[in-house]
Amino acid sequence: MYFGIPRRPCFPPARPRRALRAVAAAVTLSTTLVIAGCGTGHGSAGDAKATASPAEGFPVSIDNCGVRTTYVKPPSRAVTIHQHPAELMLALGLKDRMVGTAFPDSAVLPELKKDFEAIPELARKEPSFETVLDAEPDFVYGGYGSAFAENEGRSRKAFADAGIDTYLNREYCGKKQVTMSDTYDEIRTVGSIFGIPGRADKLVTDLQGRIDKATAAVENDAEVPVFVYDSGDKTAFTAGGKGLGSELIRLAGGRNVFADLDDVFGDVSWEQVVDRKPEVIAIYDYAGSGSVRQKKEFLLSQPALADVPAVKNKRFVVLPLTATLVGIRSAYAVDGLARGLHPESFR
């Protein structure tokens with residue numbers, strides 16, 4: 001992947017930073033008045049703005065991970081923290097609403113690369129609260145729970161106090177089982193927030209069609225046992241049965257050999273890996289976990305794994321971690337996995 005020189009797109013007018021500070025001060029003052037006995041209600045930043053004249057199709061109220069926000073108009077200056085929210089917004093044609101991204105962790109989808117590079121990168125990891133404020137957003141969309149880490153000053157309340165609405169990927173709302181339905185619901189919810197439900201429906205239809213085509217190609221093939229290798233040496237950190245990864249493997253004509261692990265991720269012993277005889281190993285690729293080459297070399301160098309069919313036959317498929325999350329990449333992952341598990345069906 002290469003990065004060109006970013007071009008700053010024409011963004012909607014920004015609110016001065018002093019205005020954000022003023023909103024924060026006003027919210028603090030109103031909270032003080034409530035405590036003093038002037039009222040007992042509590043609302044989000046979106047609720048506070050609900051008195052403005054609504055745009056066509058608005059207001060829209062969204063319940064997200066325990067936070068209810070009412071939008072009287074679509075956000076115009078969005079910041080995304082983590083790559084999969086950025087790609088989802090770009091796939092919905094919302095580049096002109098984006099004023100910053102942060103934490104890229106894999107190569108961007110080729111068709112989104114140019115647009116992605118045109119948006120300012122605020123930080124290589126999660127940006128500080130002040131860095132986000134500097135972009136003067138009215139909306140922050142986080143991909144992982146760490147986007148709104150309270151101990152780092154980026155809590156959703158801190159943003160609300162500054163007059164900024166927030167949304168967290170539904171995968172981090174505490175739901176134990178994540179499926180492709182969550183991906184479709186995520187797309188439609190973001191479409192509602194930005195007032196583009198038609199675009200969201202079209203994107204969902206396109207992704208469903210991509211999955212249907214891949215599953216149809218392998219529907220008569222024998223199921224392939226797959227072990228997901230995320231990381232680890234003393235033990236293996238792998239995908240369990242509660243995450244989206246297991247469903248992607250199933251849709252691609254495979255079976256996660258640790259689907260009985262009652263969690264999204266977990267540690268298993270190498271003895272368990274040997275006992276379950278995976279025929280393919282899916283390697284998750286993301287920044288900070290070691291390169292794919294290093295992971296392959298490790299697996300191939302372990303005498304205890306020498307007789308595992310996937311290791312013996314050097315059958316590996318590589319998945320960017322972003323492709324296994326609630327976002328547009330999951331549909332692409334099914335196609336890539338199906339080709340890796342059943343190459344004969346795609347010749």
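In the predicted model, the 13 residues of helix 13 should span 18 Å at 1.5 Å a residue, and the end C-alpha atoms are 18 Å apart, which agrees; the expected span is 1.5 Å times one less than the number of residues. Helices are DSSP runs (H or I, at least four residues) numbered from the N terminus. Residues are numbered from 1 along each chain as its sequence is written. Because the model is predicted, local features need pLDDT of at least 70 and side-chain atom pairs count only at pLDDT 80 or more, whereas totals for chains, interfaces and linings use all residues; side-chain values use heavy atoms, with hydrogens and water left out.

Helix 13 (residues 329-341) packs against helix 9 (residues 244-251) at an angle of about 50°, with the axes 8 Å apart; axes are lines fitted to C-alpha atoms over the stretch in contact, and angles run from 0 to 180 degrees between N-to-C directions. The two helices are therefore oblique to each other, a class that excludes angles under 35, over 145 and from 65 to 115 degrees. On the helix 9 side, Leu244, Leu248, Ile249 and Leu251 meet Ser330, Ala333, Val334, Leu337 and Leu341 of helix 13, contact meaning heavy atoms within 4.5 Å.

Trp270 lies in helix 10 (residues 270-276) and counts as buried at 12% relative accessibility. Its C-alpha atom is separated by 6.5 Å from that of Ala236, 34 residues apart along the chain. Beyond neighbours within four places in sequence, Trp270 contacts residues including Phe227, Ala236 and Leu305.

Conventions
Buried means under 20% relative accessible area, exposed over 50%, partly exposed in between (1.4 Å probe, protein chains only).
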